[in-house]
Amino acid sequence: MKKAKRNAVLALLLFVLLVAGFVYTILFGLGETKAGRAEDIVLGLDLRGGVSVTYEIVEDDASDSAIAATKDKLQRRVDNYSTDGEVYQEGSNRLTVEIPVDTSKYDPNKILDEMGRPGTLEFMDTTNYELFKAGKEYTAALTGSDVKEAQGGIREDQTTGQKENVVSLQFTEEGAKKFAEVTAANVGKPVYIVYDGTVASAPTVNEAITGGSAEINNISTYEEAESLASTIKIGALPLTLRELRSQVVGAKLGSDAVSTSLLAGAVGLGIVFLIMIFVFRFPGFIASIALSVYVILELFFLQTLNISLTLPGIAGIILSIGMAVDANVIIFTRIKEELADGKTTKTAIKNGFSKAFSAIFDGNITTIIAGVVLLGMGSGSVKGFAKTLILGIVLSMFTALVVTRVLLNSFATLGVTNKKLYGEAKHKKVVKFSKAFKFTGIISIVVILCGIGALFVNKNIGSRGNTLNYSLEFSGGTSTTVTFDKAYTLAEAEKDIAPVIAEAAGVSQGTIQIQIVDNTNQIVFKTSELNEETRTAVANALEKQFNLTDDKIESQNISSTISSEMQRDAIIAVCIASVLMLIYIALRFSDVRFGAAAVIALVHDVMVVFMVYSVAYLSVGGTFIACMLTIVGYSINATIIIFDRIRENLREMNVKQVGYDTVVDTSISQTMTRNIYSTLTTFVTVLMLYILGVPALKEFTLTLIAGLLCGLYSSIFITGPLWLFLKKHVGKKAKAVAKEAKQ
């Protein structure tokens, strides 16, 4: 016993030391790089401000080397503005450029223009280079189109054995003739290789080169040779880029979004702590400690894993804080049930974790499936949301199954075993939820039909004209978000601001869609797709007319091509997630009817939330996908809890004697309190984000709240009864089950 207590003390001491270490790390960082420091978490463009643009490669037969060279060219240009900028490939024929910069210091439209402009690579002799420097007319001996290939490497001198860094050049047939002429005329003199106005290299000509190939030597490092070869290849293999999507984000969101979200998280977390302690007593206090550890680990891994934090990503963290409570609620509910059955505190803790594990594991895995689909099919900020959501789920499982377990067992070993500190589950009266299915089913159908009906209403309302309020991501065009010095009404915006935009953009005033952002001075103007020159004209006109600065104006451009793809991807994402969940649940529960019931319930929840989008005419865009898949993932969690209890009761209850109806009703009654508490804690954190968060998150969090409430409703009134219906009416044994139910 003394040894057990000593081990418990050591475990608690080790826990305190580890937590202290992580706290120190997120505050000050480790080593010279300050790894793990929270203030170094990378902020996405929507928080930091900057420019993002996605290009489509026009050439159908672009080679990998040509794409790589084009990426390198774009990256070099990005580096002129920010060392944190990034160029990456999407799919086989798209390149995305992201440049976090202060848009008040740089003209964002000028940046966009420079990014898409074809590069120039020229070979000049001394005379023409001097003319070029003086800003006078000159003639380049060769251009990038005359170069067929460039390769950096290391050559070993056959006589001395000395190694040398070189760049090998291969010219086109026409380029070989030009190069022979310029080298013959400049023996002993340099030939300047100029890329985008800057000298990349100036090798001295040793002799006339007539064979169509050449070698540049006297290069100090291999890396320089590779870089020079890449620069030359860029000029030799220019790819035509067509802008698909662009976005200019002012930096004003950053500080407000982060500070208000932190406040929302802190307030929400504090309320959750109070709820947990009030309901679960001492285990609730332990859960509060575990949740604090969860937040610390979340900050640590966001920085060390270099996950870019976006605005929806903040929502993902706040949401996952609420979801982190869920596993603890399941465990503590089980512990209270074990204590009510007369078990000792230590045994109740052991059994509680054991019986809760399958529900926690299955529920979180299905939510991760939704997150993985988001990660694979989403883009930009949606991927940021998916990353933080997945990270949050993994950490919540760790803190619940490891941290909470270690702390509870350690304190129990040290004598904290009074049952009054843990509470005992009261005997729950079995409510016949299955009997109410015919009524709740009708209610659900009516609600869903209202959402469908609203589509036709929206179509015929003059100010709307569309079945859904498609955002720029789904409709295509240009969106300009302006933060004015005062709030405008819709009528004032139509009268005073829309004419300014219409004149500058050269569009009809009647084609401009105007959206007032509630409780702010922000207004969103949507027009047909505008080019860079026109967007600049609009920004200049607004700045002049309303005395605005650059950082008060944000713009986003998305072509109709990419918007139609996003609509398609949204549908595919939900379908893929649903199918994968069905397969997983069917395998885990060894009954496809569990999977079918779960997916039908998910479709129910998605349709109800869709009704909210339809009736309230909320913006349907990239975050719509994130919202729907989050609802899918969260709803399935509650469904898993009920199915897990049904599976357990099927083993423990005499089904032939009591019938499947009683099994289902008992299971729902036993898990109802857990579902309410879990939904409540998640609801609180999301509600705080809705109340205290920035306007850009209002619609997102509103629909999440609707999804949470709908998930609670369906977990009690739809999921279990639906499985019972399928059990009675679908499959070989359905008739026998139905007969048992009647008896």
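Strand β4 (residues 121-124) and strand β8 (residues 192-195) pair in the antiparallel sense over four bridges, where helices (H or I, at least four residues) and strands (E, at least two) are DSSP runs numbered from the N terminus, and two strands count as paired if DSSP finds at least two bridges between them. Within this pairing, Glu122 has Val194 of β8 as its bridge partner. Both strands belong to an open sheet of four strands, ordered β5-β4-β8-β9 and paired antiparallel. The edges are taken by β5 (142-143) and β9 (198-201), each with a single partner strand, so one side of each is left without a neighbour in the sheet. Strands of a sheet pair through backbone hydrogen bonds, either parallel or antiparallel.

The model is predicted, so local features need pLDDT of at least 70 and side-chain atom pairs count only at pLDDT 80 or more, while totals for chains, interfaces and linings use all residues. Residues are numbered from 1 along each chain as its sequence is written, and side-chain values use heavy atoms, with hydrogens and water left out.

Turning to the chain as a whole, its secondary structure comes to 24 helices and 17 strands. Of its 743 residues, 52% count as buried, that is, under 20% relative accessible area, with exposed meaning over 50% and partly exposed in between (1.4 Å probe, protein chains only). The accessible surface comes to about 33,400 Å², and carbon and sulfur atoms hold 57% of this area; the areas come from the Shrake-Rupley method with a 1.4 Å probe, and for residues only the protein chains shown count as cover. Among contacts (heavy atoms within 4.5 Å) between residues at least 6 apart in sequence, 77% join residues at least 24 apart.

What of the nonpolar interior? A nonpolar core is taken as a set of buried Ala, Val, Leu, Ile, Met, Phe, Trp, Tyr and Cys residues joined through side-chain atoms within 4.5 Å. The largest such core has 112 residues, of which Ile331, Leu408 and Trp723 touch the most other members. Helix α10 (residues 311-340) gives the most to this core, with 14 residues. Apart from this core lies another, of 22 residues, among them Leu169, Val191, Tyr195 and Ala229.

Not counting residues up to four places away in sequence, Trp723 touches Asp591, Arg593, Phe594, Ala597, Phe643, Ile646, Leu650, Tyr660 and Val664. Nine of the eleven residues of α23 (residues 719-729) are buried, so this helix is largely enclosed by the rest of the structure. Those buried residues are Thr719, Gly720, Pro721, Leu722, Trp723, Leu724, Leu726, Lys727 and Lys728.

Helix α8 (residues 252-280) contains Gly268, which is buried with a relative accessible area of 0%. The C-alpha atoms of Gly268 and Thr682 are separated by 8.9 Å, although the two residues are 414 apart along the chain. Leaving aside neighbours within four places in sequence, Gly268 is in contact with Val684, Thr685 and Met688.

Aromatic rings were also examined. Rings of Phe, Tyr and Trp (its six-membered ring) pair if their centres lie within 6.5 Å; planes under 30 degrees apart count as stacked, over 60 as edge-to-face and the rest as tilted. By this rule the count comes to 23 aromatic pairs. One of them, Phe280 with Tyr677, is edge-to-face, at 5.9 Å centre to centre and 75° between the planes. This pair links distant parts of the chain, with Phe280 in helix α8 and Tyr677 in helix α21 (residues 660-692), 397 residues apart. Phe280 is buried at 2% relative accessibility, whereas Tyr677 is partly exposed at 25%. Phe357 and Phe361 form a stacked pair, at 5.7 Å centre to centre and 20° between the planes. Both lie in helix α11 (residues 345-377), four residues apart, about one turn of the helix. Phe357, at 42% relative accessibility, is partly exposed, and Phe361 is partly exposed at 29%. Finally, Tyr129, Phe132, Tyr138 and Tyr192 form one aromatic cluster.
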